[in-house]
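Colleague: Could you walk me through how the labels in this model were reached? I would like to see each value set beside its cut-off.

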Amino acid sequence: MDTNVEKSIGNGLIFPIQIINGKPLVKSGVQLIQSDLTLLFAWPHTSRFFKENYGIDLRQFLEEPNDDILFDVLRTYVIWAVEEWEPRIELVTAEITRDEIGTGVILSLTYIIAATGKSSELVIPVYQMTA
């Protein structure tokens, strides 16, 4: 990867943290961005120290009626979160659809990486946590 691109995207840990030969695995590029987006959408809102507005925890919304209003609310939160917390990308589309069984939703994002101008996609299934 070009060093200028690497500097603008950064490098870091992918969650869950992977240990290889006693050292944490560090990634950069699309893998890092996708890991950070997945974490952003799973992190409970207002629970991160020093970044009180971080996260939206999409699972919390699955207790609501699974209808078009829910999808509009989810889409609004997703767009806000990406614009607020992920300056490395420009969001092109954010789609929310029902999963096949109706117990969750599928979040599909298309975005452009600002440092490279390349398009990428991320699909995240979101299901209720079971006890």
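Modeller: Gladly! Let's start with Asn21, which sits in the loop between strand S2 (19–20) and strand S3 (23–24). Please keep in mind that this is a predicted model.

Colleague: Why is Asn21 called exposed?

Modeller: Its relative accessibility is 78%, and exposed means over 50%, so Asn21 counts as exposed.

Colleague: What makes the backbone of Asn21 worth a remark?

Modeller: Asn21 has a positive phi of about 55° and is not a glycine. Most residues other than glycine have a negative phi.

Colleague: Is Asp57 buried or exposed, and how do you know?

Modeller: Buried means under 20% relative accessible area. Asp57 comes in at 13%, so it counts as buried.

Colleague: What does Asp57 touch?

Modeller: Leaving aside residues up to four places away in sequence, Asp57 touches Leu40, Phe41, Ala42, Trp43 and Pro44. Contact here means heavy atoms within 4.5 Å.

Colleague: Now to the strands. How do you know that S5 and S6 pair?

Modeller: Pairing asks for at least two bridges. Strand S5 (residues 89–98) is joined to S6 by nine, so the two count as paired, and they run antiparallel. In this pairing Ile89 stands opposite Ile113 of S6. The hairpin of S5 and S6 has five residues between the strands, and there Gly102 takes a positive phi near 85°.

Colleague: What about S6 and S7?

Modeller: S6 and strand S7 (residues 119–127) also have nine bridges, in the antiparallel sense. Thr110 has Glu121 in S7 as its bridge partner. Five residues lie between the strands of this hairpin too, and Gly117 has a positive phi near 75°.

Colleague: Why is S6 called largely enclosed?

Modeller: Strand S6 (residues 104–113) has 10 residues, and eight of them are buried, so the rest of the structure largely encloses S6.

Terms used. Residues numbered from 1 in each chain as written. Predicted model: local features only at pLDDT ≥ 70, side-chain atom pairs only at ≥ 80, totals over all residues. Heavy atoms only, no water. Buried < 20%, exposed > 50% of the residue type's maximum accessible area, 1.4 Å probe, protein only. Helix = DSSP H or I, 4+ residues; strand = E, 2+ residues; numbered from the N terminus.
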